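Subject: Structure handover, salt bridges

Hello,

Please find the structure below, with the sequence alongside. My notes on its charged side-chain pairs follow.

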Amino acid sequence: MPVIKTPVTREEFKVYYALRYKVLREPWGHAKGTEKDDYEAISEHFMAVDEKTGEVLGVIKLYEKAPGVGHVSHMAVSTTHQHKGIGRFLVEAVEKRARERGFKTLGAMSRVTATAYFEKHGYHVAGIPTPHLGTTHLVWMEKEL
């Protein structure tokens, strides 16, 4: 059974970022470091962790994009744990935290190939697809909380 945990120690952040890189950047040949952005320091970071083994199953982050608007990004689930509800578990945890912070809207820059996933969770496309890192197209999706 997974639990949501916030990385605190250097080692926890190392594992957190390693999973983000392995799932979101390495398959496309992007350099290490591209799994981070300028918003890391102002973001809340979440990990789905197997409470028995301590294995990090998935990660996601949240920050305030504008007053009342949360931005979810860098959601990644380990390849061995995909299609097992970990992503849903992470999204629900972030949505709960966004409501606690008083956000009225929650959005994400989603890969165009993942829009159906977010639509299942109540998000809708609210932007035009744009290229990201030269190989992937992203689109802004949002949900009223």
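**Salt bridges in the model**

Glu12 is buried, with a relative accessible area of 17%. Please keep in mind that this is a predicted model. The partner of Glu12 in a salt bridge is Lys5, with 2.5 Å from N to O. Lys5 is partly exposed, at a relative accessible area of 35%. Glu12 counts as buried because its 17% falls under the 20% cut-off.

In total, the model has 10 salt bridges. As background, side chains of opposite charge can pair when their charged atoms come close.

Two further pairs lie in helix H2, which covers residues 86-100.

- Arg88 and Glu92: the closest N and O atoms of this salt bridge are 3.7 Å apart. The two residues sit 4 positions apart in the helix, which means a separation of about one helical turn. Arg88 is partly exposed at 41% relative accessible area, and Glu92 is partly exposed at 40%.
- Lys96 and Glu100: their side chains form a salt bridge at 3.4 Å, N to O. Here too the spacing is 4 residues, about one turn of helix H2. Lys96 is exposed at 52% relative accessibility, whereas Glu100 is partly exposed at 48%. Lys96 is classed as exposed because its 52% is over the 50% cut-off.

Lys96 and Glu100 also belong to a network of salt bridges that links them with Glu44, Arg97 and Arg101.

Regards

Technical notes: Residues numbered from 1 in each chain as written. Predicted model: local features only at pLDDT ≥ 70, side-chain atom pairs only at ≥ 80, totals over all residues. Heavy atoms only, no water. Salt bridge = Lys/Arg side-chain N within 4 Å of Asp/Glu carboxyl O. Buried < 20%, exposed > 50% of the residue type's maximum accessible area, 1.4 Å probe, protein only.
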